[in-house]
Amino acid sequence: MSVSAGPVRAVGVTTYGGPDALQVVDVPAQELGPSEVRVRVTAATINPTDTYTRNGSRSKTGTPRGAADVPGMDIAGTLVEIGEEATTSLSVGDRVMGIVVPRDEHGAYREDIVLPAQPIAAVPRGSDDVAASTLPMNGLTARRALDLLDLQPGQTLAVTGADGSTGGYVVQLAKQAGLTVVADASEADEELVRSLGADRIVR
């Protein structure tokens, strides 16, 4: 098993609170397990649920464990190490994106993270790391919602929040599935939502 040398910089909280509670902290490097991969993080998405880590809503003790509680559920970066038993078609040096389940010091807001191989995928061609980091959680949420609806080609889907990350992915995936999409948008966002594929815009 391998360990990244030295401590790792992260953004986390040592005392729960508002946005001003976030600070740059040093956290211990994570050991690489045989079925895991290590990613050098270059971008991490800020999701609304990250506030639950920051304000202590997820804590069972009322105080952060270890060096800090580190928020964050999505990352993009470079694959730098692969465990000897990890099942992946990716190679060291590949640009990747992935999902993080935050717990204590293990959150996306850190420069180096160890994850199971399964929630890591290649960054789509033409995407930079900032854009790619917004895809995993939002994209999978959109995909899961459409799978649960189980609509058939030709049926109509109404999408609220179509100008947001999750809503935007829903519009695109729904059109790919042959659905008719009715989406809401403000005047300022109408061109964006139409470019995503919406058939009809409702103000």
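Reader: Does Arg 65 count as buried or exposed?

Author: This is a predicted model, in which local features need pLDDT of at least 70 and side-chain atom pairs count only at pLDDT 80 or more, while totals for chains, interfaces and linings use all residues. Residues are numbered from 1 along each chain as its sequence is written, and side-chain values use heavy atoms, with hydrogens and water left out. Buried means under 20% relative accessible area, exposed over 50%, and partly exposed in between (1.4 Å probe, protein chains only). The relative accessibility of Arg 65 is 52%, so this residue counts as exposed.

Reader: How many residues apart in sequence are the parts that Arg 65 and Asp 104 tie together?

Author: These two residues form a salt bridge (a side-chain nitrogen of Lys or Arg within 4 Å of a carboxyl oxygen of Asp or Glu), with the closest N and O atoms 3.9 Å apart. Because Arg 65 lies in the loop between α1 (50–54) and β6 and Asp 104 in the loop between β7 (95–99) and β8 (112–116), the pair joins parts whose separation in sequence is 39 residues.

Reader: Which residue forms a salt bridge with Glu 81?

Author: In this salt bridge the closest N and O atoms are 2.8 Å apart. The pair links distant parts of the chain, 43 residues apart: Glu 81 is in strand β6 (residues 74–82), and its partner is in strand β5 (residues 36–44). Helices (H or I, at least four residues) and strands (E, at least two) are DSSP runs, numbered from the N terminus. The partner has 2% relative accessibility and therefore counts as buried; this residue is Arg 38.

Reader: Is Arg 203 buried or exposed?

Author: Arg 203 forms a salt bridge with Glu 190, and their closest N and O atoms are 2.8 Å apart. Glu 190 lies in helix α5 and Arg 203 in the segment after β12 (200–202), so the pair ties together parts 13 residues apart in sequence. Glu 190 has a relative accessible area of 19% and is therefore buried. Arg 203 has a relative accessible area of 64%, so this residue is exposed.

Reader: How far apart are the end C-alpha atoms of helix α4?

Author: The expected span of a helix is 1.5 Å times one less than its number of residues. Helix α4 (residues 165–176) has 12 residues and should therefore span 16 Å. In agreement with this, the distance between the end C-alpha atoms is 17 Å.

Reader: Which elements are included in what covers the buried residues of α4?

Author: The buried residues of α4 are Gly 167, Gly 168, Val 170, Val 171, Leu 173 and Ala 174. Their cover includes α3 (135–149), β10 (156–159), β11 (180–184) and α5 (190–196).

Reader: How many nonpolar residues does the lining of the second largest pocket have?

Author: On a 1 Å grid over the protein atoms alone, a pocket is an open set of points where a 1.4 Å probe fits, with protein on both sides within 12 Å along at least five of seven lines; lining residues have an atom within 4 Å of a point. Ala, Val, Leu, Ile, Met, Phe, Trp, Tyr, Cys and Pro count as nonpolar, Asp, Glu, Lys and Arg as charged, and the others, Gly among them, as polar. The largest share of this lining, 3 residues, comes from β2. By class, the lining has 3 charged residues and no polar ones, and its nonpolar residues number 8.

Definitions and conventions: Contact means heavy atoms within 4.5 Å.
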